Every structure is written in C-alpha cells, then in structure tokens.
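These are my notebook entries on what I looked up, set down in the order in which I went through it.

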Amino acid sequence: MTFGKYRYQAKVAALLWISCLQSEGPVAIICEHIDDITLVWRDRVEFRQVKTRIPGRASWTFSEVCKDGGGIDSLMRSHLAFREGSDSMNVEAAFSLWLEGASSLKEQTANFFQRPNSVTGADWDKVLSLACEVAEDQKCTFSDGEVVEFLDALTILPNRVNEQDIDNMLFAALAEALPNTRVINVAKAGAALVQRAEDAQAGTLVTRDAQEFMLAVGLLPTTGTNPLERQTLTREELISLLPDDPALGQAQLNSLLTSGKPISNLRRKLILACASRGTQMEAASLQAVADSRRLEILASSTSGEEKLAELAEEILDHGETVARRRANSTIPGEEVFLDLKHDRFILRQLDVEGLFTSRHGQLGYLCCLSDECEYSWRAS
C-alpha cells in the first residue's frame, strides 16, 4: 500500500467512525481485518474495500473493478471468510466498494454500479470467472447461487471524495457533530481521530491459529485484551476522544457522511470562521450564480479576465476591511457575511464595469475568490 493510499484509507475510516454517532450508525469500525474496513452493527456487518485513484487516470469501469485486484475480488474473499466463520451466528453481511473519483457513464459500467445483481451475458460470465479464481485461490467452493447472493448484498460507491478534499469533509463532519466546540478544538479532534485510525490500520491481524500459538508459548494473556482491540474503533472510544459531548443523530451529519461529495474550500473557510450552516449554504448558492456569470464574462470579452482581476482587488480590499472590524468577534464568518450583505450598494459601486448584475452578485464573486483561497471571512 502506498503512503497516499494508506493516509486516504485512514481518513475514510475516521469518517466512517464519526458515523457511529448516528442513531442508526454502526457501533464500531474495524480496520484491516478481513477487508480494508469492517463496519459493525449489533446484527449485521459491512465489509468495505477502499480503492484510490491516481490523479489524471481515467474513470472507474466495470472491467477495472472486476479484474484481479480491482476490489470486487477482495469483497468476494470477505464473503467466503464470513461464510466460513458465521455458521452459528444470526448476523447478516453486506459488501461495499468505495471508489475515489468519477466512474464511467457508459451503460455497462453505469448499470453494474447502480445494480450489481442485474449483470447478465458476457458481464455475468466475467463476474463468475472472477469468483471461480477467488474460490480456487481460497481452496473452497463458490457456487453460482452464492455469487448471486453476493451481488445482492453488494453496493458500489463511486464518485467518492478525493484525497485532496477528504480533509475538508472530515472537518465539516466534526463541525456538524460538535456544533458548540471552538474551531481550533474541532481541528485538533480531527487530527486525533485520523491518528487513531492510522494506528488501527497498523494493528497486526491475529488469526485464530496464531492466537492459539501465542497462547501456547505465553505471548498472549489467557484473559483480557482482545487481539483485535487495537484495530477496533468503537463509539465509546470516539466519544471519549472528542473535546465536548457530540450532537448525536443529526440528519445533516448523516447526509454529509453518506453523500461522499467533496466539501468546498469556501465552506471550510466559513466553518473555520464560525459561520452558521444557513450562511454556508447561502454563500454556496451565491458562489454558484457568480461562477456561472464569471464564465460568461470570460467567454464574451477579451478583456474579461483583466476586468475580473481589477474587481477582485477592489472587493477583496473591502472584504478585508470588514473582517478587521470584526476582529474580536467569536463568530466572525457569520457577522462578516451579514455585513457584506448589508454593504450591497457599496460592493455594487466597486463594480464600475457592472460585471455582476444580480442582487448579491459582487458578494457571490467574493465567495468564488474565497473558494480559491483568497478570502478567509476573518481578520488575517
């Protein structure tokens, strides 16, 4: 595993660990046991394989995930391992493939990713061939019927947040879970969770045979520590690591954790500046409108780029002035955003070329600049 994949997988584990705070969330996450990540509920488990993407590579396809090392084969091995170890347990298993980055829009891939159990024809033959290779490698059987059961329990999660954006998502998720915690403590908690997830990944897998050997030679106590304890991230440990009591069961947090969509730099900066969720959403909406208008300006005039740069300088200067007025605020992002909304006519006067004509177009352009890391919504 490369260092980049190692770090990314640890951050995915930390994100999933935060989902333990949800009322319907798992009770624990286990790293590097049977599969990359195992989510544990009271009556079911989910084995998750995490696949990273080298920037610039083509989109994920059916053929790529169904080849040796593509991810589906690992989940098939997890299915076989679960089958062998769960004969006497009333526990259901599910399987999911987390894919960093975009997937192909071609029909073959889109259909399989949306409904894995709908595969037919030559694609079914390819899946069946892969299952046979896995079974042969594991020295066991994998019937056609079992392959169907496996596909019924399989979920493919493409378009997951990329390595560059996952830090923003982690921060936003913790900020949702800790709405009354100072931003600096939220950031410290995030770093602590990722470090603990890395420690969990590094835990050595102890098989039953190895455990019996270690017991026989006195290297493992007969009672006490579970050999998987280091690899297990529980809800109780999560709560103990957080600086304040978390807000449990928030719908917004659940939506954030399950969407897999990246968090923008604009939103991260507003969170860091203690802006409310409503302000974050309003700023994102203004940014979208202004960004569309900016593209129109660039496409319609050879001097558009120069005019936008001149306006950016003026708006950023005014924005910094407003931020300095709120330097002692405990919620600078909230108050600065509202001040700039009230300064609508001042901002419009700065736009001498009339580039942005919507009600808060100039503020929207400032939001665009913030997303490009040119404005932080607080005194610098």
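I take buried to mean under 20% relative accessible area, exposed over 50%, and partly exposed in between, with a 1.4 Å probe and protein chains only. The model is predicted, so I note that local features need pLDDT of at least 70 and side-chain atom pairs count only at pLDDT 80 or more, while totals for chains, interfaces and linings use all residues. Residues are numbered from 1 along each chain as its sequence is written, and side-chain values use heavy atoms, with hydrogens and water left out.

**Entry 1, salt bridges**

I looked up the salt bridges, each being a side-chain nitrogen of Lys or Arg within 4 Å of a carboxyl oxygen of Asp or Glu, and found that the structure holds 17 of them. For placing the partners I used helices (H or I, at least four residues) and strands (E, at least two), which are DSSP runs numbered from the N terminus.

I began with lysine 341 and glutamate 282, whose side chains meet in a salt bridge with an N to O distance of 2.7 Å. Lysine 341 belongs to helix α15 (residues 332–342) and glutamate 282 to helix α13 (residues 277–300), so this pair ties together parts that are 59 residues apart in sequence. Glutamate 282 counts as partly exposed because its relative accessibility is 29%, and lysine 341, with a relative accessible area of 23%, is partly exposed. I also noted that Arg83, Glu84 and Glu146 are joined into one network by salt bridges that share partners.

I then turned to arginine 53 and glutamate 64, which form a salt bridge at 2.9 Å, N to O. Arginine 53 sits in the loop between β3 (44–51) and α2 (62–65), and glutamate 64 in helix α2, so the pair links parts eleven residues apart in sequence. Buried or exposed, I asked of arginine 53 and glutamate 64? Both arginine 53 and glutamate 64 are buried.

Within helix α3 (residues 72–85), arginine 77 and aspartate 73 are separated by about one helical turn, because they are four residues apart. Their salt bridge has its closest N and O atoms 3.8 Å apart. Aspartate 73 is buried at 2% relative accessibility, whereas arginine 77 is partly exposed at 31%.

Asparagine 159 lies in strand β5 (residues 154–160) and is partly exposed at 41% relative accessibility. Cysteine 373, also not a glycine, has a positive phi near 65 degrees, and its place is in the segment after α17 (361–371).

Histidine 360 is in the loop between α16 (344–350) and α17, and it is buried, with a relative accessible area of 14%. Leaving out residues up to four places away in sequence, histidine 360 touches Leu286, Lys341 and Arg344, where contact means heavy atoms within 4.5 Å.

At what angle do helix α12 (residues 265–272) and α17 pack? I found about 95 degrees, with their axes 7 Å apart; axes are lines fitted to C-alpha atoms, for helices over the stretch in contact, and angles run from 0 to 180 degrees between N-to-C directions. α12 and α17 are therefore roughly perpendicular, a term that covers 65 to 115 degrees. Asn265, Leu266 and Lys269 of α12 make the contact with Cys367, Ser370 and Asp371 of α17.

Definitions and conventions. Parallel < 35°, antiparallel > 145°, perpendicular 65-115°, else oblique.
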